Amino acid sequence: MIKFSLQCSNGHGFEAWFPGNDSFADQKARGFVTCPHCNDASVEKTIMAPNVQGGKGRGSKDDPAPNLPAGNASTAPMPAPPQPPVQPPVQTAKPPESWGPEHVAAARQFLHAVRATVQKTHEDVGDKFADEARAIHTGKKPDRGIHGKASKEQIDALLDDGIEVMPLPDPKLDG
Ligand SMILES: [Zn+2]
């Protein structure tokens, strides 16, 4: 027996059982298949319900059925292939245009917090920043966090020597 989901020409949906697809076609051709709601004999199959009893040719191992419950190893879903790593979003100095004033304010607050934390935990060496950073890098000075001022040329020289420096965000600068 096969259950068909049927729909009449008036849009009524209903279900009916048939011994097979041929039987449905035969009975439909004879006008025996009618809508229980309006008796319309012009019915069409919609989606065949998955309730099949005594059917044959089912369970072919060439037919992947990943949505079926587990229990048959041949139909078990294959593990998903590894996904490529997600590229981190490109950092842009300019906030997205969708940012509203509240986002800018929140970002500025965050930058203030970063700056305040660095100023609290890092020694302020002022204009000697480049010299101090290089001294720490070469081991002449104890390793510690510092912050201070440096010209672009000094920063370039530090980076060339493999000394990591990063600009301290200044929320007052733009905006
Ligand atoms: Zn109907």
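This tour moves through the structure one selection at a time and says what is found at each stop.

The model is predicted, so local features are described where pLDDT is at least 70 and side-chain atom pairs count only at pLDDT 80 or more, while totals for chains, interfaces and linings use all residues. Residues are numbered from 1 along each chain as its sequence is written.

**The whole chain**

Begin with the protein chain coloured by secondary structure, which shows four helices and five strands; here helices (H or I, at least four residues) and strands (E, at least two) are DSSP runs, numbered from the N terminus. Followed from the N terminus on, these elements come in the order β-β-α-β-α-β-α-β-α. Of the 175 residues in the chain, 8% are buried, where a residue is buried if 20 or more other C-beta atoms lie within 10 Å of its own, exposed if 12 or fewer, and partly exposed in between, with C-beta atoms placed from the backbone.

**The first hairpin**

Select residues 2-8, strand S1, together with residues 13-18, strand S2, and you will find them paired in the antiparallel sense over six bridges; two strands pair if DSSP finds at least two bridges between them. Within this pairing Ile2 stands opposite Phe18 in S2. The two strands form a hairpin with four residues between them, and Gly11 in the turn has a positive phi of about 90 degrees.

**The nonpolar cores**

Next, show the side chains of Phe4, Leu6, Cys8, Phe24, Val33, Cys35 and Val43, the seven residues of the largest nonpolar core. Strand S1 gives the largest share of this core, three residues. Another core, of five residues, lies apart from it and includes Phe129, Ala130, Ala133 and Ala150. A nonpolar core is a set of buried Ala, Val, Leu, Ile, Met, Phe, Trp, Tyr and Cys residues joined through C-beta atoms within 7 Å.

**Asn39**

Now move to Asn39, in the loop between helix H1 (21-29) and strand S3 (43-52). Asn39 counts as exposed because it has 9 C-beta neighbours inside 10 Å, and its phi is near 65 degrees, a positive value in a residue other than glycine. Most residues other than glycine have a negative phi. If you draw a distance from the C-alpha atom of Asn39 to that of Cys8, 31 residues apart along the chain, it reads 8.8 Å.

Select residues 101-121, helix H2, whose 21 residues should span 30 Å at 1.5 Å a residue, in agreement with its end C-alpha atoms, which are 30 Å apart; the expected span is 1.5 Å times one less than the number of residues. The number of buried residues in H2 is zero, so this helix lies largely in the open.

Asp124 is in strand S4 (residues 123-126), and it counts as exposed because it has 12 C-beta neighbours inside 10 Å. The C-alpha atoms of Asp124 and Ile146, 22 residues apart along the chain, are separated by 5.8 Å. Leaving aside neighbours within four places in sequence, Asp124 is in contact with Gln119, His147 and Gly148, contact being defined as C-beta atoms, placed from the backbone, within 7 Å.

**Helix H4**

Just after H4, Gly162 takes a positive phi of about 80 degrees.

Key: Two residues are in contact if their C-beta atoms, placed from the backbone, lie within 7 Å.
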